[in-house]
Amino acid sequence: MTTINTVISIAVGLVCLVAGYFIRRFIAESKIKNAEEAAKKIVDDAQKDAETRKKEILLEAKEEIHKSRSELDREIKDRRNEIQRIERRLLQREELFDKKVEAVEQREEIISKKQKEFQKVHDEVQELYNKQLKELEHISNLSSEEARQLLLNDIEKQIRHEAAIMIKDIETKAKEEADRKSKEIIAYAIQKNAADHVAETTVSVVSLPNDEMKGRIIGREGRNIRTLETLTGVDLIIDDTPEAVILSGFDPIRREIARVALEKLIIDGRIHPARIEEMVEKSKKEVENYIREQGEQATFDTGVHGLHPELIKLLGRLRFRTSYGQSVLNHSIEVSHLAAAMAAELGADVNLAKRAGLLHDIGKAVDHEVEGPHVQIGADLAKKYKESPEVIHAILAHHGDVETNTVEAVLVQAADAISAARPGARRETLESYIKRLEKLEEIANSFDGVEKSFAIQAGREIRIMVKPEDISDSEIVYIARDIVKRIEDELEYPGQIKINVIRETRAIEYAK
């Protein structure tokens, strides 16, 4: 009985399994059929949407073509009207020109008649002049040429004497006026401007990998180049120079930021306004770090310690400041070393001389931002950052604006002159330096009455000895002006050259 129940249970289980299988199969087939019908409906709807979109696009394209054609027709019509207006104006001008030609021809006829009348009168006057001239020669027993030469010689002597007196008087008044105005004029004109070298000190060149990069730098409708110029304050000059872009600006730091940013953009390759702004910000930080490093290196090289961080930063800015091609930072370091060396020889305060020498031109770091001469600006900065009164005095006195009252101030003044005037300091080779001195003496010796001349003070002064028997006291002023004019016309030189003409009379007797 148990076996039968077991068999029956197994049979029932098998029947249930088979029935479940068929039921699941039926349900699955039903779901598949429903899914296929849904998919087919989606495809049909997509095809209908595509057809509808296609028709809309074609309609929009036709409308755009029609609009463009209308605009083109209108532009053609405007241009035709403009051409017609130009043609009418040309016809009017042609008629006006013809009228002017007729008027000119009539004037030429009138002028021709007047010329004939004038020539007739001129011949009569010339004949009368010749008769009078012969009569005067007969009366004076001198030819016209002899009389003219005699008169000219007298007038020349008189004018030369009066001119020499006038020049001497003008120079005396000018020297008195210069004592009052020299600080303002020289500081403003010389310290803030380097006109002779403006082309060299306001331009940087950035190399490009190829000329196609120029178009990318300019950008669509010039947006890239405008962005870079606006952010940096530097003008970009893109011309026919192969594989190069020129950066032009009076601020060397801004120009350096623009150069670094442009080189980064060229390497990166992604040039658009947002990227340009990002690169300019990075370049500003890099240049600021470089300026600080240069200032710290200068203090390390000179052994000057304890400077205020802002003074160190200002020293670094002098790396980008030049005077006649001479780096002001290198010049300041050199002045510091020279002043220290001389102070050591004289037993003065070496550290003070070194510190004042390094800071003597610190005002040039901001003289384009602050009104006034760099001497006064530098002294104000030193006072602001708690430098000693001795250092401030040396800064004020290094160009002779105030009288020196310490040995260290005198040494800084001398070191500044030595550094600026030595051969090679201001973009001048030893050979050209020697040639300039020789040319100075050659110009001086070429004048009549000059006995000998000496170029001294590294070419900053030339002393000229004249023969007292040939040149009078009043004539030495005249000859000095002529030499100045020749030097200004024929030589190029930094600063100014003092012309010192000396006339000496000696009376010598022998006691026997």
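**Entry 1: a word to start with.** I count two residues as in contact when their heavy atoms lie within 4.5 Å. I also keep in mind that this is a predicted model.

**Entry 2: Leu318.** Leaving aside residues up to four places away in sequence, Leu318 touches Ser327, Val328, Leu329 and Ser332, along with Asp361, Ile362, Lys364 and Ala365.

**Entry 3: the core around it.** Next I asked which residues have the most contacts inside the largest nonpolar core. They are Leu307, Leu314, Leu315, Leu318, Leu359, Ile362 and Leu381, in a core of 27 residues. I then checked which elements give two or more residues to this core, and found helices H8 (309–317), H9 (328–346), H10 (350–359), H11 (374–384) and H12 (389–397). H11 gives the most, with five residues. Another core lies apart from this one; it has 25 residues, including Ile217, Leu228, Leu236 and Ile253. A reminder to myself: in soluble globular proteins, nonpolar side chains tend to be buried together.

**Entry 4: a sheet.** I moved on to an open sheet of three strands, with the order E6-E7-E8 and mixed pairing. Its edge strands are E6 (450–456) and E8 (498–503), each of which pairs on one side only. From one strand to the next, the twist averages 20 degrees.

**Entry 5: a closer look at the strands.** In what sense do E6 and E7 pair, and over how many bridges? E6 and E7 (residues 461–466) are antiparallel, with six bridges. I found Ala455 standing opposite Ile462 in E7.

**Entry 6: the helix across the sheet.** Last, I looked at helix H15 (residues 473–490), which lies across E6, E7 and E8. H15 runs at about 150 degrees to E8.

Definitions and conventions
Residues numbered from 1 in each chain as written. Predicted model: local features only at pLDDT ≥ 70, side-chain atom pairs only at ≥ 80, totals over all residues. Heavy atoms only, no water. Pairing = 2+ DSSP bridges. Helix = DSSP H or I, 4+ residues; strand = E, 2+ residues; numbered from the N terminus. Axes fitted to C-alpha atoms, helices over the stretch in contact; angles between N-to-C directions. Core = buried A, V, L, I, M, F, W, Y, C linked by side-chain atoms within 4.5 Å. Buried < 20%, exposed > 50% of the residue type's maximum accessible area, 1.4 Å probe, protein only.
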